[in-house]
Amino acid sequence: MRDKEKIELLRDMMRIRIFEEKILELIQQKELELGFHLLMGHEGIMAGVSGALRNDDYITSNHRTMGRYLSRGGDTKKIMAEIFGKETGVCQGMAGEMLIADKSIGFLFSSVTVAAGIPVAVGAALALQRLSKNNQVVACFFGDGATCNGIFHEAMNVAAVNKAPVLFVCENNGLSINIRQSEWMSTLTVAERASAYGVKGERVDGTDVEAVNGVARLAVERARQGGGPTLIDATTVRLRPHKEGLADNRSADEIKEDWKKDPVGLYIKKLEDSKQIDQNLVKKLRSELMAEVNEAVDYAKASSFPKESKLMDNLYSEQMSDAFARAANFRFR
Ligand SMILES: Cc1ncc(C[n+]2csc(CCOP(=O)(O)OP(=O)(O)O)c2C)c(N)n1
Ligand SMILES: [Mg+2]
């Protein structure tokens with residue numbers, strides 16, 4: 001990997017981290033309410049996979065959306081405005097944090113419903129396989145808890161049988177809300193679940209962004225060449241509560257231990273220790289990114305809330321609205 005690519009990975013991780021730190025600050029200042037699902041601790045997985053994708057590839061997401069949107073090249077101002085509920089937001093302030101979608105950057109879907117993005121990714125991949133000549137892939141991001149949901153297994157099977165160009169990316173933080181993995185999963189790893197469907201399962205240290213990027217590059221290549229899906233089981237730590245404001249039942253000592261695996265801190269240390277970067281570069285990146293995020297906050301605050309008359313817009317496509325109207329007429333005639 002070239003130095004430039006390493007700095008891009010670092011920048012991507014730091015951008016997500018600094019954005020989320022700002023969210024925490026805004027919550028503390030009572031500018032935002034509690035309830036946000038940060039992906040702090042998962043940055044190495046997001047940046048590593050994102051760095052293996054092309055701009056014309058697609059992703060789907062679970063409830064931890066903000067870092068994914070940023071990592072795929074999303075606009076800091078638009079995501080900040082969205083979570084402030086403003087009309088200048090990614091989804092005109094109607095989606096909030098957990099239902100983000102933005103076709104312009106290939107961010108197809110996110111959902112509050114655990115595992116819901118997995119079949120959507122497979123469907124999109126099957127459509128691309130049949131309708132596009134550009135060998136695009138779809139990466140879907142979900143948690144280890146989601147791999148216990150039935151739809152994960154159906155979707156894996158359908159993807160495998162059809163050799164759909166999908167990356168199943170499991171952000172394996174060992175927790176489902178506050179319940180530890182050993183209480184709800186009978187296999188030792190998520191990766192081994194792939195073998196039931198004839199899919200390649202790859203376990204990787206998700207706190208090591210370069211390792212994730214390496215595994216993701218191979219998986220993307222395989223998918224583009226018609227080799228079908230890969231399940232990437234990327235192990236990591238969750239550095240915040242499940243959602244802001246919810247009690248975390250880990251002890252302070254356990255959380256302190258988890259911080260030793262902070263993927264952002266580890267990568268900065270690795271690059272500094274091997275003299276690939278120096279402290280000045282990190283300082284420069286940090287101040288540039290903080291300026292970007294502060295500007296986004298000003299933009300969001302200065303924007304207006306959506307008009308009430310827009311409340312029912314964009315719920316269904318025009319076509320569906322027509323179909324519903326016809327169905328309603330039919331019933332009442
Ligand atoms: C179908 C469904 N079941 C349960 C929930 C409640 N719920 C929300 S997040 C979550 C934990 C998900 O854990 P995981 O998939 O590991 O993702 P993580 O939050 O750890 O990133 C649960 C059980 C839900 N939203 N949807
Ligand atoms: Mg989890």
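**Notes on a predicted model**

1. K30 counts as exposed, because it has 8 C-beta neighbours inside 10 Å. K30 sits in the loop between helix 1 and helix 2. Its phi is positive, about 65°, although K30 is not a glycine. Most residues other than glycine have a negative phi.

2. Some conventions follow. This is a predicted model, in which local features need pLDDT of at least 70 and side-chain atom pairs count only at pLDDT 80 or more, while totals for chains, interfaces and linings use all residues. Residues are numbered from 1 along each chain as its sequence is written, and chains are lettered from A and ligands numbered from 1 in the order in which they are written.

3. The protein chain has 11 helices and eight strands. These are DSSP runs numbered from the N terminus, helices being H or I with at least four residues and strands E with at least two. A compact globule of 333 residues would have a radius of gyration near 20 Å, and the 20 Å of the protein chain agrees with this. The radius is taken over C-alpha atoms, and the globule rule is 2.2 Å times the number of residues to the power 0.38. The C-alpha trace spans about 75 × 50 × 40 Å along its principal axes.

4. Of the 333 residues of the protein chain, 44% count as buried. Among contacts between residues at least 6 apart in sequence, 75% join residues at least 24 apart. Two residues are in contact if their C-beta atoms, placed from the backbone, lie within 7 Å.

5. Strand 1 covers residues 58–61. Y58 and T60 point one way from this strand, I59 and S61 point the other way, and all are buried. Strand 1 runs parallel to strand 3 (residues 138–143), with three bridges between them, and Y58 stands opposite V138. Three bridges also join strand 1 to strand 2 (residues 107–110), again in parallel, and here T60 stands opposite F109. Two strands pair if DSSP finds at least two bridges between them.

6. Strand 3 is also joined to strand 4, by six bridges and in parallel. C140 stands opposite F168 in strand 4. Seven of the seven residues of strand 4 (residues 166–172) are buried, so the strand is largely enclosed by the rest of the structure. V166, F168, C170 and N172 lie on one side, and L167, V169 and E171 on the other.

7. What lies in the loop between helix 6 (150–161) and strand 4? K163 does. K163 is partly exposed, with 17 other C-beta atoms within 10 Å. Apart from its neighbours within four places in sequence, K163 is in contact with G226, G227 and G228. The C-alpha atoms of K163 and D57 are separated by 17 Å, and the two residues are 106 apart along the chain.

8. There are 16 residues around ligand 1, of which V114, G143, G145, A146 and S176 come nearest. A residue is near a molecule if its C-beta atom, placed from the backbone, lies within 6 Å of it. Strand 3 and strand 5 (175–176) each supply at least two residues of this shell. The shell divides into six nonpolar, seven polar and three charged residues. Here Ala, Val, Leu, Ile, Met, Phe, Trp, Tyr, Cys and Pro count as nonpolar, Asp, Glu, Lys and Arg as charged, and the others, Gly among them, as polar.

9. I177 is found in the loop between strand 5 and strand 6 (179–180). I177 is exposed, with 12 other C-beta atoms within 10 Å. Phi of I177 is positive, near 50°, in a residue other than glycine.

10. Which residues of helix 9 (residues 263–273) are buried? They are P263, V264, Y267, I268 and L271. Seen down the helix axis, these buried residues fall within an arc of 135°, so they line one face of helix 9. The arc is that of the directions from the helix axis to the C-beta atoms. K269 and D273 are exposed on the other side. The buried residues pack against helix 1 (3–28), helix 2 (43–50), helix 7 (209–224) and helix 10 (279–302). Helix 9 is followed by K275, whose phi is positive, near 60°.

11. D298 is found in helix 10. D298 is exposed, with 11 other C-beta atoms within 10 Å. The C-alpha atoms of D298 and L271 are separated by 33 Å, the residues being 27 apart along the chain.

Note on methods:
A residue is buried if 20 or more other C-beta atoms lie within 10 Å of its own, exposed if 12 or fewer, and partly exposed in between; C-beta atoms are placed from the backbone.
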